[in-house]
Protein chains: 2
Amino acid sequence: MIKPSIPKGTRDFGPVVVRKRQYIFQTIRETFELFGFQPLETPTMENLDTLTGKYGEEGDKLIFKILDNGDILGRAQQAKDSRELGILLCEKALRYDLTIPFARYVVMNQHELALPFKRYQMQPVWRADRPQKGRYREFYQCDADVVGSNSLLNEIELLLIYDTVFTRLKLDGYEVRINNRKILSALAEIIGKPALLTDITVAIDKLDKIGIGKVKEELQERGLAASEIAIIENFLGIEGNNEEKLQQLSTLFKDSPTGLKGIEELSYVLHTQPDAFKTTPILDVTLARGLNYYTGMIVEVKAPPAVKMGSIGGGGRYDDLTGLFGLPGLSGVGISFGVDRIYDVLEELQLFPAAAQQGTQVLFFNLDAQSSSVAFKLLMQLRNKGISSELFHEPSKMDKQMKYANKRNIPYVIIMGESEVQEQVVSVKNMVTGTQEKVKMADLADYNF
Amino acid sequence: MIKPSIPKGTRDFGPVVVRKRQYIFQTIRETFELFGFQPLETPTMENLDTLTGKYGEEGDKLIFKILDNGDILGRAQQAKDSRELGILLCEKALRYDLTIPFARYVVMNQHELALPFKRYQMQPVWRADRPQKGRYREFYQCDADVVGSNSLLNEIELLLIYDTVFTRLKLDGYEVRINNRKILSALAEIIGKPALLTDITVAIDKLDKIGIGKVKEELQERGLAASEIAIIENFLGIEGNNEEKLQQLSTLFKDSPTGLKGIEELSYVLHTQPDAFKTTPILDVTLARGLNYYTGMIVEVKAPPAVKMGSIGGGGRYDDLTGLFGLPGLSGVGISFGVDRIYDVLEELQLFPAAAQQGTQVLFFNLDAQSSSVAFKLLMQLRNKGISSELFHEPSKMDKQMKYANKRNIPYVIIMGESEVQEQVVSVKNMVTGTQEKVKMADLADYNF
């Protein structure tokens with residue numbers, strides 16, 4: 001018999017972890033709903049050709065493909081290499097992110113949807129990445145996106161969703177950092193290398209990790225001259241509060257329509273409803289976000305500096321979300337929550353509320369058939385009051401039942417044997433404080449558990 | 001450009017459907033929690049050898065396998081047939097049910113778990129069945145199981161979970177039917193053909209669909225003599241209320257220890273806490289449940305006869321749940337909810353409450369930049385009160401905004417332009433009744449939406 005195991009990069013979530021994760025999901029879900037976003041769920045499997053070519057060459061390699069059932073040997077024999085083999089044998093693949101299925105859904109349902117369509121989606125995705133600490137092959141994404149609206153009101157709303165969720169999770173000290181891709185485009189323009197926008201973005205994206213020295217080296221390798229790199233370094237050095245940064249940007253980009261448009265968008269987002277934010281977004285000109293489909297505002301949420309966790313969420317605006325599937329001209333803007341990292345942050349800062357970790361509240365001990373029959377009726381009374389409770393499954397020694405209560409972290413046990421039944425009372429033991437008191441059976445359902 | 005589509009047998013769930021499904025899931029989840037069951041989530045992918053051989057030869061063929069990434073062409077060339085090809089190319093497969101992953105989890109975590117372990121699990125599973133009406137390749141299972149306890153109290157608790165869930169879903173007229181596999185074993189024994197237990201069970205299982213005549217034919221084909229078939233027919237004809245049926249069973253099986261044990265178990269389940277049930281379970285000797293791993297009580301929930309839907313849930317006790325993975329001697333008992341069918345039943349009987357279908361409650365019209373800025377502040381007030389609300393994304397014509405509200409089924413719209421802002425009032429229009437009234441801005445958050 002082989003010792004059972006699970007595939008690397010995947011996880012079982014036991015009761016304690018599921019409850020804590022549910023607390024995060026529920027907080028995010030309620031906030032999405034509060035802001036008028038609507039739930040969507042797409043299939044785990046998509047047609048392979050829906051996914052290929054959407055995530056770059058590297059991404060394609062990380063897509064999990066599902067083997068067709070039936071007679072496939074003949075097809076296999078035609079393959080010339082492993083890549084072709086995958087295409088010949090697999091019609092379907094596992095969802096790689098939530099954005100492409102969302103775009104596919106919008107195109108398939110374009111005639112029924114009320115635009116703008118504001119949807120949220122909280123489902124697992126799969127990537128054949130090399131598993132490592134904090135990186136899994138199966139993980140949840142939680143996305144909210146708006147498609148079919150160019151209004152910057154959506155940007156404000158999405159930033160307020162971050163604000164609301166992290167406020168509700170009682171997370172202090174997180175930062176919402178924003179920038180605008182048009183400003184990075186303008187930067188590439190004013191140094192005269194618009195074609196190098198992606199190279200510049202990718203290099204800037206590494207600033208946090210490798211520092212300005214290495215970024216400059218990389219820019220040089222990517223073909224930029226010293227004078228051009230100096231402009232970028234000057235740009236990356238823009239500091240001060242939001243207003244001061246906007247001011248410096250306006251000077252730098254005074255002749256760039258693209259740059260001024262980006263500044264105007266940032267100003268709108270920061271100035272239109274400033275009082276609505278509990279935590280004001282920070283303009284961060286060094287924010288780049290590697291993926292290259294963003295075209296407007298970009299955002300990233302950073303965990304409180306005390307926990308070394310980096311980004312716990314991010315997003316931005318991308319023009320032409322659905323063009324890939326034949327419906328051009330629809331702009332999209334969205335944000336994503338990094339649930340695994342948020343979990344680790346809340347865990348490290350001990351921010352999970354007790355209620356999020358509580359399963360069974362009350363355990364009735366089972367001392368004999370007759371008293372447990374009475375206990376059962378009380379049990380049903382508690383459940384009718386919404387109190388999660390159990391009766392130990394069989395009469396057995398007190399210490400065995402006590403051990404079960406401890407192992408399960410049940411805060412109250414109720415002990416009742418023959419004499420208690422006769423007196424119509426029970427003993428309620430508080431497992432946290434260790435105190436024990438007699439309570440009349442008739443009053444038990446109103447006891448303050 | 002290919003028109004986008006999704007794999008056959010899979011479904012997108014749009015907002016309205018997700019909300020209704022959430023209502024079912026949430027009702028079941030809350031009940032599981034109330035009864036002290038704990039949540040478990042296992043990975044979508046299991047190692048292929050965890051799954052193969054657990055669902056019979058037919059089941060093995062229906063498992064979706066995941067193609068290994070990397071260089072696989074060499075391996076493919078060694079395969080002699082399609083079956084072998086799948087094994088050579090795939091280490092992982094999609095979850096086929098929730099029971100085997102549960103057993104695998106229990107064995108892997110046996111030293112940490114408090115027994116009995118009462119777990120629930122609500123996750124999708126995948127089967128390469130031929131898609132047809134009401135049968136999908138991706139569908140959710142909702143299971144509650146207890147492992148590590150022989151106590152019949154668990155059977156009562158699980159039946160009460162059915163009772164509680166369907167009561168909460170306001171489903172009238174459903175039936176919970178129970179039987180005991182030991183009685184079917186005893187039947188095979190008293191006709192002298194214990195080896196034919198599975199054949200007899202499988203034939204009886206079809207009674208509902210094909211009628212007694214065909215069942216008798218099938219029994220004959222499976223090698224039973226006329227006199228033996230007569231005993232089975234007599235058994236299947238047992239009628240009356242639960243007590244009358246128990247009486248007749250006691251007579252029929254008076255010399256069979258196995259039969260008497262089954263009757264004793266049924267009596268215990270029916271007689272121990274009869275008042276706890278809102279809908280008393282019905283003893284049904286013709287209930288067989290095809291799968292052959294059950295060894296004790298079996299249960300099936302039938303939809304109200306008015307909707308022709310058949311079973312909406314089922315389960316039973318099975319000895320030795322975890323033996324397959326090297327941990328023998330642990331008995332299990334569990335139930336399952338058929339969420340897709342429950343959905344169809346609630347839909348047909350119009351039992352989804354309005355609240356389960358409600359997204360955005362209030363839409364603020366956007367008439368111009370200035371008044372919408374005031375609207376935004378009111379919007380945030382409503383959200384702080386927990387009222388799901390939106391501001392239309394841009395100033396546009398009233399009828400366009402009205403159309404959006406209608407398409408989204410938003411029950412209240414709030415109209416405010418320049419003059420309303422000056423007077424500090426808004427117009428609240430009830431989209432259901434068509435009535436419209438002026439409300440002071442200061443009172444809006446307390447309005448009875």
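Contact, in these notes, means heavy atoms within 4.5 Å. Axes are lines fitted to C-alpha atoms, for helices over the stretch in contact, and angles run from 0 to 180 degrees between N-to-C directions. Helices (H or I, at least four residues) and strands (E, at least two) are DSSP runs, numbered from the N terminus.

I noted that this is a predicted model, where local features need pLDDT of at least 70, side-chain atom pairs count only at pLDDT 80 or more, and totals for chains, interfaces and linings use all residues. Residues are numbered from 1 along each chain as its sequence is written, chains are lettered from A and ligands numbered from 1 in the order in which they are written, and side-chain values use heavy atoms, with hydrogens and water left out.

**Entry: the sheet of chain B**

I traced an open sheet of eight strands in chain B, in the order β1-β5-β6-β11-β10-β9-β7-β8. Its pairing is mixed. Two strands pair if DSSP finds at least two bridges between them. I found β1 (38-39) and β8 (282-283) of chain B at the edges, each with a single partner strand, so one side of each has no neighbour in the sheet. β1(B) runs parallel to β5(B), joined by two bridges. Gln38(B) stands opposite Arg119(B) in β5(B).

**Entry: helices on the sheet**

I looked up α14 (residues 339-348) of chain B, which lies across β6, β10 and β11 of chain B. It runs at about 145 degrees to β10(B). Helix α7 (residues 153-168) of chain B also lies across strands, among them β5, β6 and β11 of chain B, and runs at about 10 degrees to β11(B).

**Entry: a covered helix**

How many of the 10 residues of α6 (residues 99-108) of chain B are buried? I read nine. Buried means under 20% relative accessible area (1.4 Å probe, protein chains only). The nine include Phe102(B) and Tyr105(B). The buried residues pack against α1 (15-34) of chain A, and against elements of chain B including β5 (117-126) and β10 (311-318).

**Entry: a hairpin**

I followed β15 (residues 425-430) of chain B to β16 (residues 436-440) of chain B; five bridges join them, and they run antiparallel. Ser427(B) stands opposite Lys438(B) in β16(B). The two strands form a hairpin with five residues between them. In the turn, Gly434(B) has a positive phi of about 85 degrees.

Methods: Buried < 20%, exposed > 50% of the residue type's maximum accessible area, 1.4 Å probe, protein only.
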